[in-house]
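Student: Can you walk me through this model? I'd like to start with the aromatic side chains and then go through the strands.

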Amino acid sequence: MTGPRDSFRDFLARRDFLAVSAISLIGLARGSESPPDGDLLYVGTYTERTHSEGIYLIRMDRRSGQLRRVGSVSAGANPSFLALHPNGRTLYAVNELEQYSGRPTGAVSAFAIAGDTGALTRLNEQPSGGGAPCFVSVDRSGRALLVANYGGGSVALLPIEANGALAAAHVVQHTGKGPNAERQEAPHAHCILPDPSNRFALAADLGADRVFVYQLDLEGRSLRHIEEGDAVMRAGAGPRHLAFHPTLPLVFVANELDSTVATLRFDAERGALSLLDARSTLPAGWTGTNYPADIHVAANGRTLHVSNRGHNSIAVFSVAESTGALALDQVVSTDGDWPRNFSLDPSGRWLLVANQRSDSVVVFGRDPDTGRLTPTRQRIAIPSPVCLRFA
């Protein structure tokens, strides 16, 4: 028998259902709705300490930020850093070791991505041309993979075949050192990225205190150093990662050893860099040990984010629209230890952080206009996570 109270409950249920449906439709119209199974995220890890399974596949609900693990693949030792081919059909991973499978070098592997599930199938593997490869990127045409070998102090270009597999590496050795005797006794290449024109590649070298400029020769499958274009950084800065502004001729550099983010002007006609400014990534008055790691500029160019290891935080900078000048707006705890890399989701409404030493990926809400971050309760346990890549 149905009474007045039951009827009222039915009314409330129908009202709540309609309200949720309306919100979902609004979100879909704005492009914030997740794909049917959620956005796919690949997580690269260190396997030596934790005996992790290698590369993890995570689904994220774009409406709530909730994460769930959907798979993993063995990818050799320490598949720490990842890159996606522009066509979305191949994933690349380094094997961050001084020696790999008995060879005195690290390696890079290519994996085909299943169109329906995102599952990975190994295509092939190539030596990276140096020890401890720690960074990979793909040129904008999808014809070449770029690798930074930290231990060997070199960078390499590996041609990409039609099926996504890798050919043998063309290697360029860096030279130089810095004043930090422990960390800068020799060159340590830490990042290499193609520029927006795809005519050049820029490489940050922590040991040499330099950002190297290369002409990206896709036909000749090689890198040609443009020495006069290099940026000589402040002594002891330790440049680690780079990020290009989407519209201004600027490159931002996360400096690991002095906890700053530097702004460089890039002349894309000559392939030349010049240092403009440097700002601290830490709140005023904090004096502990800290090593910035990853850096990203939002797609709209209005905000920049940097991860701080030691302070264990994300620094949020506003970027002036006309000049690109930086102002530190917010520094937020990552709710974990040693935030390595982080990623903005495709909608720009979420920021995910890989806390390497506390074995967690943590989700923050993000204001798409201001870049300011808000903690959420969303997180997932992943052993020794390093790199996050949305498919």
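**Rings, strands and cores**

Tutor: R210 lies over the face of F212, 5.9 Å from the ring centre; a charge sits over a ring if NZ of Lys or CZ of Arg is within 6 Å of the ring centre and within 35 degrees of the ring normal. This is a predicted model, in which local features need pLDDT of at least 70 and side-chain atom pairs count only at pLDDT 80 or more, while totals for chains, interfaces and linings use all residues. Residues are numbered from 1 along each chain as its sequence is written, and side-chain values use heavy atoms, with hydrogens and water left out.

Student: Which ring does the charged end of R357 sit over?

Tutor: That of W338, with the charged end of R357 3.7 Å from the ring centre.

Student: Back to F212. Which residue does F212 form an aromatic pair with?

Tutor: First the rule: rings of Phe, Tyr and Trp (its six-membered ring) pair if their centres lie within 6.5 Å, and planes under 30 degrees apart count as stacked, over 60 as edge-to-face and the rest as tilted. The count by this rule is five aromatic pairs. F212 pairs with Y214, and the two are stacked, at 6.4 Å centre to centre with 20° between the planes.

Student: Is F212 buried or exposed?

Tutor: F212 is buried, at a relative accessible area of 4%, and Y214 is buried as well, at 1%. Buried means under 20% relative accessible area, exposed over 50%, and partly exposed in between, using a 1.4 Å probe and protein chains only.

Student: How are the rings of F244 and F266 arranged?

Tutor: Their centres are 6.5 Å apart and their planes are at 65°, so the pair is edge-to-face. F244 belongs to strand β17 (residues 239-244) and F266 to strand β19 (residues 260-267), so the pair ties together parts that are 22 residues apart in sequence. Helices (H or I, at least four residues) and strands (E, at least two) are DSSP runs, numbered from the N terminus. F244 is buried at 14% relative accessible area, and F266 is buried at 6%. Together with F200, F244 and F266 form one aromatic cluster.

Student: What about L223, which residues does it touch?

Tutor: Contact means heavy atoms within 4.5 Å. Not counting residues up to four places away in sequence, L223 touches residues including L146, V155, I192, Y214 and L216. L223 is also one of the residues with the most contacts inside the largest nonpolar core, which has 70 residues. A nonpolar core is a set of buried Ala, Val, Leu, Ile, Met, Phe, Trp, Tyr and Cys residues joined through side-chain atoms within 4.5 Å.

Student: New topic. How many residues of β5 are buried?

Tutor: Six of the six residues of strand β5 (residues 90-95) are buried, so β5 is largely enclosed by the rest of the structure. T90, Y92 and V94 point one way, and L91, A93 and N95 the other way.

Student: And what does β5 run antiparallel to?

Tutor: Strand β4 (residues 82-84) is joined to β5 by three antiparallel bridges, with L84 opposite L91. Their hairpin has five residues between the strands, and G88 in the turn has a positive phi of about 75°. Strand β6 (residues 107-113) is joined to β5 by six bridges, also antiparallel, and there T90 stands opposite A112.

Methods:
Pairing = 2+ DSSP bridges.
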